[in-house]
Amino acid sequence: MEKGHGIPHGQVHRQEIREELLIYVGESERNQRSLFILFFIISVFTIYLDYSAHKDISSPVIVFTSLWLFICTLASLRLYGFTGYSEKTIGYITCGSVAFSLGAFSSTLVNKQAVKQTRYASLHGKTLQTSDSNQQQLCFTFLEIILALACVGSALSFFSSLNALRSGASYMEVRGSRLGYNDEQVFSNPIVGLFVTYFCGPAMTVLTPVAIIFLFKKQHRKFSLIVFLCVLMNTVSSGGRIQIIYIALQLVAAFLYYRRAISAKTKRTVTIAVIAGIIALFILTSLRTNQNFSQSIYTYFTLPVGLFSYYTSIVDINNFESFGAATFYPPFYVLASVATFFGAKTSFLDNLIYYVGLPQETWTSTLFPTGSYNAFCSLFYFFYLDFRIVGIVLFSLLYGFISGYVYKKQRTRTNDIWFMFYLLILQTIIGSFMIFQLGNTKFFVSLFIFGIAILLGKKR
């Protein structure tokens, strides 16, 4: 069979996959434990090294490494009947984590600044005081227009979900319809569904960091309030816990960024907001599942290891390799759509779409005694699709370099744009246990909106 094409996706049967890919614990448990200990030592050393250099817990290396150390530690405990993962999985994660850190560290070599660091800025006036000349600003009028459209989508989503609940549907049924898991969709009009998914969601991804910065600068309070109300409506209607985690950690990053300039009242507000987020996370978890809170959280953060192992085994069995197309997926998805429109048929693009969407479409019940799970394949799955272990190392290195470069820029300049950009990058790092968000179509739309806001803005 020719490498890269694999078995046509129509020939892959879900039941056969389940039977062939049961993950056995006993035969390689000792090797897995040794690899985990190695990963643990490397991760702790990396975190110590980065903190010694930056004295900042919101740096990309610390956030990324701590996240995967936490996930792998939970997975190694094998609680609640977790069946485990293949031996090579922890090795892949170790390689990816080390490569990400090396990429972030290496970004310093091309990001040298002659200007002395002026990270902490005065919050007086309309703009931050900065040593950077010609400071770029976002176009606030454009952001207001985007927010108005996002409000429409958030309201449509919220009231559609509310009507479904009033008609007798359960919260989980409503959430399933919102995510496309059920036959009955929340929006009867597909155009409305596309508008909410591919415009309102990406718009809120951009508007949330802007609202957080305005919160600390005490500017445009009504704008920030409306943004947070939209986030609340989206969270309630979708049942998504990750948005709460995003905002909580972005608030922490902003607190550390502005900590020498903010008032005690603002510090209390941020503290209350983070505590409220934790409470909301607890409530949403209780509504989403009949598991207790600790079991639900354990499952949530352990699944990426198990599902990454499961889905890569499927890829290996079917001998598919995407040669960079999975990591940089959006342009290839557009290309496939154009080819389909003109009646062209390409097996590679068809298989690419299938295997990129495989984690979302393929459920497995082999990881825990109760329940079937999907989606949380991690960013390493997409890197693995491209060049196997080489892809994991290469693209983790590139991702770390990009993250480190933006982080260094926002530390050495007080320009709001760089800090907003870093908050977006930080969101992708936090969400890396689910998918590779930089290669996600919706995040590309977010970057497009952010870019338009910059281009329409003025220099001070």
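Predicted model: local features only at pLDDT ≥ 70, side-chain atom pairs only at ≥ 80, totals over all residues.
Residues are numbered from 1 along each chain as its sequence is written, and side-chain values use heavy atoms, with hydrogens and water left out. The protein has 17 helices and zero strands; both are DSSP runs numbered from the N terminus, with at least four residues (H or I) for a helix and at least two (E) for a strand.

**Overall picture**

- Of the 460 residues, 51% are buried (buried means under 20% relative accessible area, exposed over 50%, partly exposed in between, with a 1.4 Å probe and protein chains only).
- Take the contacts between residues at least 6 apart in sequence: 81% of them join residues at least 24 apart (a contact means heavy atoms within 4.5 Å).

**How confident is the model?**

- The average pLDDT is 82, and 83% of the residues score at least 70 (pLDDT is the predictor's confidence in each residue, from 0 to 100).

**Helix α5**

- This helix (residues 140–166) includes S157, which counts as buried because its relative accessibility is 0%.
- α5 has 27 residues and reaches 38 Å from its first C-alpha to its last, close to the expected 39 Å (the expected span is 1.5 Å times one less than the number of residues).
- Its buried residues include F142, L143, I146 and S157.
- S157 and T197 are 40 residues apart along the chain, with 10.0 Å between their C-alpha atoms.
- Just after α5 comes G168, with a positive phi of about 110°.

**A nonpolar patch**

- I275, I279, F282, I283 and F293 make a nonpolar surface patch of about 450 Å² (patch residues have over 30% relative accessible area and no salt bridge; like charges are joined within 9 Å, and nonpolar side chains, meaning Val, Leu, Ile, Met, Phe, Trp and Tyr, within 5 Å).
- Helix α10 (residues 264–288) gives the patch its largest share, four residues.
- I275 sits in α10 and is partly exposed, at 45% relative accessible area.

**Salt bridges**

- The count comes to four salt bridges (a side-chain nitrogen of Lys or Arg within 4 Å of a carboxyl oxygen of Asp or Glu).
- R411 and D56 form one of them, at 3.8 Å from N to O. R411 is in helix α15 (residues 389–412) and D56 in the loop between α2 (29–54) and α3 (60–77), so the pair ties together parts 355 residues apart in sequence.
- D56 is buried at 1% relative accessible area, and R411 is buried at 9%.
- K217 and D416 meet in another, at 2.9 Å from N to O. K217 lies in helix α7 (residues 190–217) and D416 in helix α16 (residues 416–430), 199 residues apart.

Definitions and conventions: Areas by Shrake-Rupley, 256 points an atom, 1.4 Å probe, with all protein chains shown as cover.
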